[in-house]
Amino acid sequence: MNMPSLEPRLFIVAAPSGAGKSSLVNALLQCEPAISLSISHTTRPPRVGEEYGRHYFFVERGAFEQEISDGVFLEHAEVHGNLYGTSSQTVGTLLGQGRDVLLEIDWQGAAQIRQNHPDCVSIFILPPSRPELERRLRGRASDSEEVIARRLFNSREEISHAIEFDYIVVNDHFDEALEQLRTIVAAARSRQVLQLPRHPELIQTLLA
Ligand code: 5GP
């Protein structure tokens, strides 16, 4: 159902690099067309096949720093040596249109978002094991050995913040992890504060 939401939800999905987060998020967005992905700004160079405006808004560090000064970002952070940020305007416009919004960001960004949007729904994706995390990271052929080593090293820090998230999903079997994500989305939309205002007549009839 692609209906605007009365109280749109803000979802955050974080994970260590290599946990399979982007594939899961893409599959979730296919199943849930009422959720829009916020496209981040980054100073990271594009990987092969990545497009400006579809995967990221790729910008130079100087331009990104200017955007920070101009107050462009709802949150921003340095991750694996590059700057990443979420545009306040993009998120505000989508929420204003009644669209649910999903942010694919790191734990630092998630902590900043919780300050301004305490009712956001945050999900942390874990890999099933360290060897599998490494295998998946190495499977991304476009990353250099140095990039892979840095991401593996940083994964411990990222994972140590899983405890700050509302939900944890272990991505061992892709279809099961996707189903869990869909269940979390459905649960978030079923919250009493969202449902009661939608059914005033039903409640009145049932109480009569
Ligand atoms: P990648 O370079 O693999 O696309 O992303 C590296 C890390 O940066 C991932 O953990 C990803 O979630 C995070 N990231 C991507 N966009 C943003 C953003 O806008 N803000 C923050 N804080 N992290 C981001």
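In this predicted model, a polar side-chain atom of S40 lies 2.7 Å from an oxygen atom of the ligand. The model is predicted, and local features need pLDDT of at least 70, side-chain atom pairs count only at pLDDT 80 or more, while totals for chains, interfaces and linings use all residues. Residues are numbered from 1 along each chain as its sequence is written, and side-chain values use heavy atoms, with hydrogens and water left out.

**The ligand**

| Residue | Ligand atom | Distance |
|---|---|---|
| S40 | oxygen | 2.7 Å |
| Y56 | oxygen | 2.5 Å |
| E75 | nitrogen | 2.7 Å |

The protein covers 94% of the 500 Å² of accessible area that the ligand has on its own, as computed by the Shrake-Rupley method with a 1.4 Å probe. Around the ligand stand 18 residues, the closest being K21, S40, R44, Y56 and Y84, where a residue counts if one of its heavy atoms lies within 4 Å.

**Aromatic rings**

Y56 and Y84 also belong, together with F58, to a cluster linked by ring pairs. Rings of Phe, Tyr and Trp (its six-membered ring) pair if their centres lie within 6.5 Å, and planes under 30 degrees apart count as stacked, over 60 as edge-to-face and the rest as tilted. In the whole structure, five aromatic pairs are found. The rings of F64 and F73 form a stacked pair, because their centres are 4.6 Å apart and their planes are at 25 degrees.

Are F64 and F73 buried or exposed? Buried means under 20% relative accessible area, exposed over 50% and partly exposed in between (1.4 Å probe, protein chains only). F64 counts as buried because its relative accessibility is 0%, and F73 is buried with a relative accessible area of 11%.

**The nonpolar cores**

A nonpolar core is a set of buried Ala, Val, Leu, Ile, Met, Phe, Trp, Tyr and Cys residues joined through side-chain atoms within 4.5 Å. The largest one has 21 residues, and those with the most contacts inside it are F11, L102, I125 and L181. At least two residues of this core come from each of β1 (10–14), α1 (21–31), β8 (121–126) and α7 (174–189), and the largest share, six residues, is that of α7. Helices (H or I, at least four residues) and strands (E, at least two) are DSSP runs, numbered from the N terminus.

Within α1, the buried residues are K21, L24, V25, A27, L28 and L29.

Technical notes
Polar contact = N/O pair within 3.5 Å; in protein donor to acceptor, adjacent residues only side chain to side chain.
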